[in-house]
Amino acid sequence: MSVVGSPLVPPERIDLDGLVAAIQERFSAVVSLSRADKGVLLSLHLKDPESLPPLSLFLYWEIGCSFGGLIVEEHSHAWQLRYLFLASGSGWIDIVLELPLGGRSVPSITAAVHAADWHEREAEDLFGLQFENHPRLGDFILHDQIWPEGAAPHRKPQRKSVDVHQTQLRRRPNPNWRPLLVVQDPGSFAMPVGPVYEGGIGESLHFILETVGEDVLRAAPRLFYKFRGVEKIAEGTRVSHALLLSERFAAKSSFAHSLAFSSAIEKICDVEVPPRAARLRVILAELERLRHHAGAITGICESTALSVAASQAAIIEEELLRASCHFTGHRYLFGLNKPGGLRRDFNSDGFRDLLNAVGRAVDELRILENRLHFTSSFLDRLEDVGVVDPNKARDLNLLGPVGRASGRCHDLRRECSYGGYGDYQFEVPRENEGDGYARLRVLFAEAAQSAKLIRQAVDSLQPGPISVPCEATHSGAALGWVEAPIGAALHWVRLDSSGLVERYRAITPSFNNWLGFHVAVEDFAFQDFPIILATFALSAAECDR
Amino acid sequence: MSFWFWHGLSNGVRSTGYPRVPESAPGVTPGRPVATEFSSAERSSLAAADCPVDAIVPRGASALVDLRSCVYCQRCRFGGAYPLQWTQDHEWTTVAAGRENYVPLPRSYRRSLHIMVVDAGDCGACLHEVKHLNNPFYNAHRLGIFFTATPRSADVLLVVGPVSENMRVPLLKTYEAMPTPKRIVAVGACAITGGVFGRGFMSAGGVSSVLPVDLEIPGDPPPPLAILHGLLAVTGRKALAPRQPDFGRTA
């Protein structure tokens, strides 16, 4: 692929007016622009589907936007496909493509924007859309050995081609199904890992590792064993029930997801949360990030079989879980967010205990980091292992700590500020090596920054209300976003005229980063696999939904 | 690198005294709602109306709680006009529906119980709490409870998650690979009733719709101590909590 002037490190700030001028110069014949709000600043309505790939290429590689995701909506008259891009420092823009319901064929943008690969495969499985020139469709969310072709379970019920409810109990696995193998060397074989493995106390994932002996030549993750169809279940429910789903599909970042969902609803209702609620949300979101990173560090220590360090990190994590429970009533921060603010307030004793616990955790993490830094047997397992170089990270649009360990500076708290993060002093740690050790250093540094943010937010708290009424009574759609512990999470919600959820789309950082995971595993030895897996700290529940 | 040895020692013993002595450190359990008396039937129905999963059942002036369905959203705890009482206990394990004559595993299993965990679509919370049984605070090893990587040596199948369609076959295969006698424990509201995911095109709505569940550990997620109580109850080392009436909803 020829890339014109590809900015490896995207510009810090993309000026929206300049972008509009550039698009009008190049694409004025095929695109009509509209300034929008509800989370998306600028919509590019495509008149001609064929210009979708060049426009995506232009936005991603020439302007330097990062890719957000693909949102498919089935309206009564047409398909509406929405490709989200982030203009760093300005906000979200989207390309909107409308297609007649009868037509199922869409040009694929995967060749232009590799990060769109899985989004298109997902849409193909769930909606039955065909993406022209996509390198590989099929067998993705609906595993081919149990699902018939063309099931498309996310289509609207009246047009659903297969009644999945009816066939569920009668379905039997197809014994003739075989995974696609690529490596053809003599003596090569495929090593299956999962879906039930790691003593079971790992999430359900399946990997096919192709090898000729020692090094993994090709790694193909096969996910979606845990697919629960959250987006479909949410359809037709009340907002309060969809909120439960949003915080319960991925517990390790439940507060972040419920926050993104709530902020989407708040945008639909044109409601602004009170300042106290915004600050409390920062406290809770950063508490979750701190706890998540402590857990990820535990996982890395465990994967290298450094048991004392793993135990110490597990103690830190458990103490943070207990502090969360003592502070909020729930160890995983469930049931706190609601559209319009928070469900409960906290008293000064609670904040004092929380700050003590956070301070202790950060001190302990600092000690742990120092000790790990001088443990050569540990570093040997991480340094120069699982390397994702900055080019690849940009290519695959890696997010969160994984992306930031490979030279990306993608952090929504900075690039597309929300929830008042602009008021606080904090740094976004960044490393360029892209190996396992860089990812570990980023996790430690981010944990320290989270504690710093919690302290600032607690200090700046003013008494006041913690919620405003936020009842959706009209139709509308909006995008909510949040920097979840492992990267950018986007929640798109469309409500119908009676305030019920018509379409709910959760784009999660794990979904995005799993796509790039194979790059880190390939060409490294088998015994590095669990370590690389741990340094990515990805969640299958969050990816599968 | 002998500093790890001293680092470990310097932290002292952190393990809980449970089950020998009760554990009461703050934050070990979120607690759970219990039946609450209100002054009128109207108020108990208003309290029930706040529950998003209909786990609060009004019976006259009192509001009963169907703990199998409760998803611990805390809406009946904070913010509502008629809050329910919450306890701070954690011994929640009960027998599953139709297993009233449950027989614990024999005494010989008491110091060597091997657990196979299967994640059947869990959000990560229950699974994480199971994982925390191995951390120094709970240290399930000291009680002779081990997590095993193979179903061939497992005595207990611990299932988390509502059983997603893609995990149904791996779950059944794991169960069939286990030797008898074996026990199945469903952990968390999703594994018991399907939780917020319910029964749908991708979720079986609980483990009992595919496998004969013996014990249920309610909670969303149950804290590590609640899971520990359940595992101790498998071999009869701890008494089970009494099973609730099913409030007219058969499993």
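**Figure 1. The contact between chain A and chain B in the predicted model.** Chain A contributes 52 residues to this contact and chain B contributes 58 residues. On the side of chain A that touches chain B, two or more residues come from each of helix 4 (164-167), helix 6 (239-248) and helix 9 (307-328) of chain A. Helix 9 of chain A gives the most, with eleven residues. By residue class, this side of chain A comprises 24 nonpolar, 17 polar and eleven charged residues.

**Figure 2. Strand 5 of chain A and its pairing with strand 2 and strand 4 of chain A.** Strand 5 (residues 91-100) of chain A runs parallel to strand 2 (residues 40-46) of chain A, and five bridges join the two. Within strand 5 of chain A, A:W92 is the residue opposite A:V40. The pairing of strand 5 of chain A with strand 4 (residues 78-87) of chain A is antiparallel and extends over ten bridges. Here A:D94 in strand 5 of chain A lies opposite A:L84.

**Figure 3. The hairpin of strand 4 and strand 5 of chain A.** Three residues lie between the strands of this hairpin. In the hairpin, A:G89 adopts a positive phi near 85 degrees.

**Figure 4. The buried residues of helix 4 of chain B.** In helix 4 (residues 168-177) of chain B, the buried residues are B:R168, B:L171, B:T174 and B:Y175. These residues lie on the same side of helix 4 of chain B, because they cover an arc of only 130 degrees around the axis. An α-helix has 3.6 residues a turn, so residues three or four places apart point the same way.

Technical notes
Residues numbered from 1 in each chain as written. Chains lettered and ligands numbered in written order. Predicted model: local features only at pLDDT ≥ 70, side-chain atom pairs only at ≥ 80, totals over all residues. Contact = placed C-beta atoms within 7 Å. Helix = DSSP H or I, 4+ residues; strand = E, 2+ residues; numbered from the N terminus. Nonpolar A, V, L, I, M, F, W, Y, C, P; charged D, E, K, R; others polar. Pairing = 2+ DSSP bridges. Buried ≥ 20, exposed ≤ 12 C-beta atoms within 10 Å, placed from the backbone. Arc of directions from axis to C-beta.
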